[in-house]
Amino acid sequence: MDLATAPQPPPGQGPVLATYRASGRRLQMLLFAQLAVVVAIDTVATVLIRGLSTFTLVWLWLVPVLTIAYISQVRRILKKPDVAAAGADWYSSGGRRVRTYELAEVKVIKRDRSEYLRLTDSDGHTMEVSYRYIRGNRLTWDLVFNGILHSVVNGRAKTNARLHTTLGLQYAIP
């Protein structure tokens, strides 16, 4: 854990015990796929319109490659990856935070073919975080999961069936 880049804990909360910043690997794969599609379309269009002799024109290939490179840099600059942080009894990401041992509602919702945890604590702080993202770092996930489990077992947190299925919780749904 790099404490220099770690976010500060919420006021009145304990120290940061774990941090996590997702890698840009998924974005890189997406950009590579976009480049492959653009090159394939350009190839087919070039062959259909001008014939095979146009493969010698470098600018026909340079334009899509430079376009994708430019788009990737703009995305990288505009979307700086969030740093998630967790303490013994709190979790924060994207400027939002919740107290994990004082959760009033914990649900798993499905959106855009992905599952998200919707966490609401007793103070009314609410956040949604990708289930895949939060599981990306074992220590962060352990801290958050322990808080969820504590809140569910004590019967204070409202849950849904999807949460119990996704997390494998074997406790009654209140």
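Visitor: Which residues are linked with R99 in a network of salt bridges?
Guide: E102 and D123 are linked with R99 in that network. A salt bridge here is a side-chain nitrogen of Lys or Arg within 4 Å of a carboxyl oxygen of Asp or Glu.

Visitor: What sort of model is this, and how are residues numbered?
Guide: It is a predicted model, where local features need pLDDT of at least 70, side-chain atom pairs count only at pLDDT 80 or more, and totals for chains, interfaces and linings use all residues. Residues are numbered from 1 along each chain as its sequence is written, and side-chain values use heavy atoms, with hydrogens and water left out.

Visitor: OK, the fold. How many helices and strands?
Guide: The protein has 5 helices and 7 strands. These are DSSP runs numbered from the N terminus: helices are H or I with at least four residues, strands are E with at least two.

Visitor: In what order do they run?
Guide: From the N terminus, β-α-α-β-β-β-β-β-β-α-α-α.

Visitor: What share of the residues is buried?
Guide: Of 174 residues, 33% count as buried. Buried means under 20% relative accessible area, exposed means over 50%, and partly exposed is in between, with a 1.4 Å probe and protein chains only.

Visitor: Back to salt bridges. How many in total?
Guide: The count is 7.

Visitor: Which residue does E128 pair with?
Guide: R111, with the closest N and O atoms 2.6 Å apart. The pair links distant parts of the chain: E128 is in strand β7 (residues 126-130) and R111 in strand β5 (residues 103-111), 17 residues apart. E128 is partly exposed at 33% relative accessibility, and R111 is partly exposed at 35%.

Visitor: And what does E115 pair with?
Guide: R162, at 3.7 Å between the closest N and O atoms. E115 lies in strand β6 (residues 114-121) and R162 in helix α5 (residues 161-167), so this pair ties together parts 47 residues apart in sequence. E115 has a relative accessible area of 22%, partly exposed. R162 is partly exposed too, at 36%.

Visitor: Where do D142 and R138 sit?
Guide: Both are in helix α4, 4 residues apart, so about one helical turn separates them. D142 is partly exposed at 29%, while R138 is exposed at 62%.

Visitor: How many residues does α4 have, and how far does it reach?
Guide: Helix α4 (residues 138-153) has 16 residues and reaches 22 Å from first C-alpha to last. That is close to the 22 Å expected at 1.5 Å a residue; the expected span is 1.5 Å times one less than the number of residues.

Visitor: Which α4 residues are buried?
Guide: T140, W141, L143, V144, G147, I148, S151 and V152. They cover an arc of only 165° around the axis, so they sit on the same side of α4. The arc is that of the directions from the helix axis to the C-beta atoms.

Visitor: What happens at the start of α4, and just after it?
Guide: At the start, a side-chain oxygen of N137 comes within 3.2 Å of the backbone nitrogen of L139. Just after α4, G155 takes a positive phi of about 75°.

Visitor: New topic. Is L48 buried or exposed?
Guide: L48 is exposed, with a relative accessible area of 71%. It lies in helix α1 (residues 25-50).

Visitor: Which residues form a nonpolar surface patch with L48?
Guide: V44 and I49, and the three have about 360 Å² of accessible area together. Patches take residues with over 30% relative accessible area and no salt bridge, joining like charges within 9 Å and nonpolar side chains (Val, Leu, Ile, Met, Phe, Trp, Tyr) within 5 Å. Accessible areas come from the Shrake-Rupley method with a 1.4 Å probe; for residues, only the protein chains shown count as cover.

Definitions and conventions. Polar contact = N/O pair within 3.5 Å; in protein donor to acceptor, adjacent residues only side chain to side chain.
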